[in-house]
Protein chains: 2
Amino acid sequence: MVKALDALVDALRRLPGIGPKSAQRIAYHLLQHERDTAQKLAAALSYSVTHVRNCVRCNTFTEEEMCATCTQGHLGKRDASVLCVVETPADQLMIEQTHAYSGLYYVLMGRISPLDGIGPKEIQLERLLQRASDGIVREVILATNFTTEGEATAHYLSELLHARKLQVTRLARGVPVGAELEYTDLSTIAHALADRRAS
Amino acid sequence: MVKALDALVDALRRLPGIGPKSAQRIAYHLLQHERDTAQKLAAALSYSVTHVRNCVRCNTFTEEEMCATCTQGHLGKRDASVLCVVETPADQLMIEQTHAYSGLYYVLMGRISPLDGIGPKEIQLERLLQRASDGIVREVILATNFTTEGEATAHYLSELLHARKLQVTRLARGVPVGAELEYTDLSTIAHALADRRAS
């Protein structure tokens, strides 16, 4: 009915996870109660699109040519001999928040997923292999997700990296902290048993 | 880590129904795969905020001073003697889409909700009463939601309108189309029984 409104609802619908009803609810809410929020969001979107790019070394999002983490590695403030491979910047952020890792990252910005037509070429594995073979990296930690696609990606990478005589590790699988065995799935328990450690 | 990205995630989080994880996922998705969509959304937000306002007669969203529906009413193309009161433009849209109504609307842009500090003054019932008493309106259909707040709003309005000798009606309550009695809640069935009609 109102063209400007239809255009806004259409644009909101294209966001991942937002259906037509949610898009309409958000548009109406913004226009009736939160015009300031709408203005701020518009500004943040424009600014991000023009200023955020991918780090030349690790692919993660950055406003500079090289991201803060890679720059720290460059200055010797992080351990450049360990490279952690993750699927997305969100995964990288989770690992950073553990404060349990001081090496560098390589962000795939995807995963191998043949069903979606995403093969090794699409996620630029060649660049990762070059990076891992730079003579500085000694260990590559595969921290892709434990989903079918993530596991396939890790498996594929593992073979390529082993062929280059690199040390390759994978995040441990096991029972999550705080979990009860009774409610943990059997394959997780099986992995936890197989990977049991001295206590 | 990246300021522009943090600002975008913060702005997205302020949308209704979007939590911190969704906001991050949307931001990353837009920047990695859909920069066009992000630009379009920014433009749609800016345009809507500056161009969409409330209709001077019925409150609904419009780009003109008077909305298309009210203008049709003005030109005699809709029945100006019936006024349907709804809570939001979304509710109005639903009723329009039924093609079962040819009267005019009054959009409350809210509902009476004492717990949220929203009383009769906050939703400008005075303006509705003036409109309903203009000598043209003969029947007011209360189409607020069948929630506690919507029912309270309808009840309150009903008393005020009856005092002005207007005909006041309420949407019928009953069993939804396609529903099975076995899975319909009892109070709905009770209403459907009480309001049963000749067949």
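# A tour of chains A and B

Start by selecting Ala4(B), which sits in helix H1 (residues 3-13) of chain B; helices (H or I, at least four residues) and strands (E, at least two) are DSSP runs, numbered from the N terminus. The model is predicted, so local features need pLDDT of at least 70 and side-chain atom pairs count only at pLDDT 80 or more, while totals for chains, interfaces and linings use all residues. Residues are numbered from 1 along each chain as its sequence is written, chains are lettered from A and ligands numbered from 1 in the order in which they are written, and side-chain values use heavy atoms, with hydrogens and water left out.

**Stop 1: Ala4(B)**

Is Ala4(B) buried or exposed? Ala4(B) counts as buried because its relative accessibility is 4%; buried means under 20% relative accessible area, exposed over 50%, and partly exposed in between (1.4 Å probe, protein chains only). Now show what touches Ala4(B), where contact means heavy atoms within 4.5 Å. Not counting residues up to four places away in sequence, Ala4(B) touches Tyr47(A), Ser48(A), Val52(A) and Glu63(A). Then select Gly73(B): from Ala4(B) to Gly73(B) is 69 residues in sequence and 48 Å in space, C-alpha to C-alpha.

**Stop 2: where the chains meet**

Select both chains. The contact involves 48 residues from chain A and 48 residues from chain B. Between them the two chains bury about 4700 Å², 71% of it on carbon and sulfur atoms; buried area is the accessible area (1.4 Å probe) that two parts lose on being put together, summed over both.

Across this interface there are 12 residue pairs in polar contact, both residues being at pLDDT 80 or more. A polar contact is a pair of N or O atoms within 3.5 Å; within protein, one must be able to donate a hydrogen and the other to accept it, and residues adjacent in sequence count only if both atoms are side-chain atoms.

Which parts of chain A each supply at least two residues to the side that touches chain B? They are helix H1 (3-13), helix H2 (20-33), helix H3 (35-51), strand S1 (53-54), strand S2 (61-62) and helix H5 (89-97). H3(A) gives the most to that side, with 13 residues. By type, the residues on the side of chain A that touches chain B are 29 nonpolar, 10 polar and 9 charged. Here Ala, Val, Leu, Ile, Met, Phe, Trp, Tyr, Cys and Pro count as nonpolar, Asp, Glu, Lys and Arg as charged, and the others, Gly among them, as polar.

**Stop 3: Leu45 in both chains**

Select Leu45(A) and Leu45(B). Of the 70 residues in the largest nonpolar core, these two touch the most other members. A nonpolar core is a set of buried Ala, Val, Leu, Ile, Met, Phe, Trp, Tyr and Cys residues joined through side-chain atoms within 4.5 Å. Leaving aside neighbours within four places in sequence, Leu45(A) is in contact with Leu8(B), Leu30(B), Ala38(B), Leu41(B), Ala42(B) and Leu45(B). In soluble globular proteins, nonpolar side chains tend to be buried together.

**Stop 4: salt bridges**

A salt bridge is a side-chain nitrogen of Lys or Arg within 4 Å of a carboxyl oxygen of Asp or Glu. The structure holds 10 salt bridges over all chains, and the count between chain A and chain B is 2.

Select Arg14(B) and Glu34(A), which form a salt bridge with the closest N and O atoms 3.7 Å apart. This pair crosses between chains, from the loop between H1 and helix H2 (20-33) of chain B to the loop between H2 and H3 of chain A. Arg14(B) is partly exposed at 45%, and Glu34(A) is partly exposed at 21%. Glu34(B) and Arg14(A) also meet in a salt bridge (3.8 Å, N to O).

Next, within chain B, select Glu96(B) and Arg78(B), whose side chains meet in a salt bridge (2.7 Å, N to O). Glu96(B) is in helix H5 (residues 89-97) and Arg78(B) is in the loop between helix H4 (68-74) and strand S3 (79-86), 18 residues apart. Glu96(B) counts as buried at 19% relative accessibility, as does Arg78(B) at 12%.

**Stop 5: two residues with positive phi**

Most residues other than glycine have a negative phi. Select Asn59(A), in the loop between S1 and S2 of chain A: its phi is positive, about 80°. Asn59(A) is buried, with a relative accessible area of 6%.

Finish at Met109(A), in the loop between strand S4 (103-107) and helix H6 (125-132) of chain A. Its phi is near 55°, also a positive value, and Met109(A) is buried at 15% relative accessible area.
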